[in-house]
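The sequence and the structure are shown first.

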2 protein chains.
Amino acid sequence: MDELSLLEQLLPGLHCGRDTVIGPGDDCAALDCGGPELLLAAADHLIADVHYFAENTRPEDAGAKLFNRNASDIAAMGGRPRWALLSAAAKDFDNDYLLRFSQGAARAAKVCDASLVGGDIAGLPFPGLSASLTILGSVPKDEVITRAGARAGDLVCVTGCIGNSLLSGHHLNFRPRLEEGRILASKHLAHAMLDVSDGLLLDLQRMAEMSGVQMVLDPARVPLRAGAKLPEALSDGEDYELLFTISPEREKELESIAASVIGTVRAGSPAVLDPAGKDLLTGKKGYEHGKN
Amino acid sequence: MDELSLLEQLLPGLHCGRDTVIGPGDDCAALDCGGPELLLAAADHLIADVHYFAENTRPEDAGAKLFNRNASDIAAMGGRPRWALLSAAAKDFDNDYLLRFSQGAARAAKVCDASLVGGDIAGLPFPGLSASLTILGSVPKDEVITRAGARAGDLVCVTGCIGNSLLSGHHLNFRPRLEEGRILASKHLAHAMLDVSDGLLLDLQRMAEMSGVQMVLDPARVPLRAGAKLPEALSDGEDYELLFTISPEREKELESIAASVIGTVRAGSPAVLDPAGKDLLTGKKGYEHGKN
């Protein structure tokens, strides 16, 4: 099973009505419910012994992680989380475990002024726990930020630090960058944004593709978490930081959210390059990409 | 793992903000997004070899069932489905299977004028397929129907037929009762409504508890699907029909939706009784319930 190639086959055939302002493929879908704000919607899994180690993780912390990784997708669109629905399917995880897991998700929601309003709990035919949470948020219509808005000449920025998420415990105890996302959206600072969950390089590549530009990343400028090392930190993932681009004229305004400039955007066929022009994903020189 | 006792422990502690008009415990949550309509939201699982037999079911049909059983929850609140998010976690189900499963869900959505707008696909550490779909719908604020509105003197009604869902294939090829739900809502016909998924008796008991009334069911009046037999048909489940109550003065208006009257509502501590006063769930005489 290969998620990326599956999505490549599935997404082009999906029919979306006019009330779907942003369809599948960004951090969230953006939906027009007739009110003054867009509804944001996203769903993400947390699976025992895939996304956390059940043996040495408190169920409350696992549930909170599930909520927070979804809230991070709302932050990436500039929104605020409002509601969540939790689906959990399990076998050999008892009621006490599932209750504490659900309460962890509900408490994390409350911290963000959001509410757990529904979901489903079911049995599995095999031992394990597979949970999925759908998050709903909202954002003023003229403030929503997609992955597609990066422009040549922009600065590439990231909040917080990158790397060593697993061993440092960051993947469990991070807080979603909701305040930062709201500042970047409400001030119309960010041109494009996403949350770094699958590794900085891969997520940079996605932004490059969605925006139709090249990202020039200076690895030496990437702020590393304690214990993180290059080049692994650039692809480890689970950072849950905001990656975004801004106009260089507005760099000073970054101070209010403690973000770092890590590169620049330039015209060209989508790629992530180092300052010497080497493609950081393939290791090849950037000009070897087919230009069209 | 016992879903009911888990929910009894979890739900009272959940915090819901003022914009949550109807919280957990009904077919859908109803949320105020600031527009003229309420947003309806629900989530439900479909797990291979729990909710369908993977071996002899086309993946398209399984995906469609997952959408339709969620759409049935929207129908039960009087709403229309708008959007869906699909989460699937699998191992040993290949890309072709998951693509066809997802396309089945997307096609079923399109039939209802709804769109698949997001979701997540993940790997499992054990062989199997656990899918969950979150459905979003909408309903005019003054038309939403809950489980809690049944009144003494009402008639108890059901759409379609009950029983033998599994062997007849109804559990796979049913169509959600969306038109019927909209008629019952827009004409303010139904006082209380839910969709029959866990068996008629159990769902009647839920409506009785939420409404604080007794349901008097006449089993002889329950319309049975071909091959269905009493008493099993009353508890088999997967009927996906609408169960609702109406004022007896408006019985004639049922003709437009081909529903049957199967009982009456009376005052008393929540129970489901037969016309002789026997509790149909416990087999005891109804007066043995503690009255308070």
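The text below treats the relation of the chains, then the sheet, then the helices.

The model is predicted. Chain B can be superposed on chain A with an RMSD of 0.0 Å by a turn of 180 degrees, with a shift of 0.0 Å along the axis. The two copies are thus related as by a two-fold rotation axis. The same surface serves both copies, since 100% of the contact residues of chain B recur in chain A. Among the residues of chain B, B:Gly35 comes closest to the rotation axis, its C-alpha lying at 1.8 Å.

Within chain B, 6 strands make up an open sheet of mixed pairing, in the order E8-E10-E7-E11-E9-E12. E8 and E12 of chain B are at the edges and have a single partner strand each, so one side of each is left without a neighbour in the sheet. On average, and with direction ignored, neighbouring strands of this sheet are turned by 30 degrees against each other. Strand E7 (residues 155–159) and strand E11 (residues 259–266) of chain B run antiparallel and are joined by 5 bridges. One residue of this pairing is B:Val158, whose bridge partner in E11(B) is B:Ser260.

| Helix | Strands touched or crossed | Direction relative to E8(B) |
|---|---|---|
| H2(B), residues 59–76 | E8 and E10 of chain B | about 170 degrees |

Helix H7 of chain B (residues 200–211) has 12 residues. From its first C-alpha to its last, H7(B) reaches 16 Å, close to the 16 Å expected at 1.5 Å a residue. The buried residues in H7(B) are B:Leu200, B:Leu201, B:Asp203, B:Leu204, B:Met207, B:Ala208 and B:Ser211. Viewed down the axis of H7(B), these buried residues fall within an arc of 165 degrees, so they line one face of the helix.

Just after H7(B), B:Gly212 adopts a positive phi of about 70 degrees.

Conventions: Residues are numbered from 1 along each chain as its sequence is written. Chains are lettered from A and ligands numbered from 1 in the order in which they are written. This is a predicted model: local features need pLDDT of at least 70, side-chain atom pairs count only at pLDDT 80 or more; totals for chains, interfaces and linings use all residues. Helices (H or I, at least four residues) and strands (E, at least two) are DSSP runs, numbered from the N terminus. The expected span of a helix is 1.5 Å times one less than its number of residues. A residue is buried if 20 or more other C-beta atoms lie within 10 Å of its own, exposed if 12 or fewer, and partly exposed in between; C-beta atoms are placed from the backbone. The arc is that of the directions from the helix axis to the C-beta atoms. Copies are superposed by least squares on the C-alpha atoms of residues with pLDDT of at least 70 in both. Two residues are in contact if their C-beta atoms, placed from the backbone, lie within 7 Å. Two strands pair if DSSP finds at least two bridges between them. Axes are lines fitted to C-alpha atoms, for helices over the stretch in contact, and angles run from 0 to 180 degrees between N-to-C directions.
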